[in-house]
Amino acid sequence: FRSLKVEVNPVWEKIFPFRFPQLVTMATARPVVSVYNFENPSEKSSTVVMPHVLTMPLRPDLVREVHKNVSKNARQAYAVGAKVGYDTAAESWGTGRAVARIPRAPGGGTHRAGQATFGNQARGGGMFNPTRVWRRWHRRVNVTQKR
C-alpha cells in the first residue's frame, strides 16, 4: 500500500498520551472521493479531495468513552424493595443473655425463632445502602461524538 504522510499538531502529542500513527495507509483513507450524477447514479461526474479531518485516525480514548456512555442508555433501573428484610416483628433480647444485641425473630418451634434480623450482617436482613431506582442510569452523549 502507498502511504500518506499525515502532519500531527505537536501540541496534540503533548496533550494526549497515546501515540499518533504517523502514516495512514490507502486502505483506510482515500485522498479523493467520487461524486456521482444525481439523475444517473451509475455515472461518475467528478472527484473531490477528501477533507483532511477524515484522514485522521480515530482516537481510541474517545471511541471507548462514547461507546461506554451510549451502552448505558439501554439499562433498566433495578432496586430492592423498601421493606425487604424488615418484615418481622423482631425485638432485641437486650443484655445479659450472652448474645449480640441485634433484633431477633420472635416465636418458637421453628428454626427462624431467635435468629438475628434487620441487620445487614444477618441472614434475611436488610441490605446496607439499598439500591434505588433514582440512580443516574443514562448518559447524554453529543451527537457529533456519536457520529
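## Ground rules and confidence

Residues are numbered from 1 along each chain as its sequence is written, and side-chain values use heavy atoms, with hydrogens and water left out. Since this is a predicted model, local features need pLDDT of at least 70 and side-chain atom pairs count only at pLDDT 80 or more, while totals for chains, interfaces and linings use all residues.

On pLDDT (the predictor's confidence in each residue, from 0 to 100), the protein averages 85, and 80% of the residues score at least 70. Helices (H or I, at least four residues) and strands (E, at least two) are DSSP runs, numbered from the N terminus.

## Aromatic rings

There are two aromatic pairs in the structure. Rings of Phe, Tyr and Trp (its six-membered ring) pair if their centres lie within 6.5 Å; planes under 30 degrees apart count as stacked, over 60 as edge-to-face and the rest as tilted. Tyr 86 and Phe 118 make a tilted pair, 5.5 Å centre to centre with 40° between the planes. Tyr 86 sits in the loop between helix H2 (60-71) and strand E5 (91-92), and Phe 118 in the loop between E6 and helix H3 (143-146), so the pair ties together parts that are 32 residues apart in sequence.

Arg 97 lies over its face at 4.9 Å from the ring centre, and Arg 104 puts its charged end over the ring of Trp 93, 5.2 Å from the centre.

## Salt bridges

The count is two salt bridges (a side-chain nitrogen of Lys or Arg within 4 Å of a carboxyl oxygen of Asp or Glu). Arg 59 meets Asp 61 at 2.7 Å, N to O. Glu 65 pairs with Lys 68, with the closest N and O atoms 3.5 Å apart; these two are three residues apart in helix H2, so about one helical turn separates them.

## A buried asparagine

Asn 69 is in helix H2 too. Its relative accessible area is 14%, so Asn 69 is buried (under 20%; exposed is over 50%, partly exposed in between, with a 1.4 Å probe and protein chains only). Leaving aside neighbours within four places in sequence, Asn 69 contacts Arg 139 and Val 141.

Terms used. A charge sits over a ring if NZ of Lys or CZ of Arg is within 6 Å of the ring centre and within 35 degrees of the ring normal. Contact means heavy atoms within 4.5 Å.
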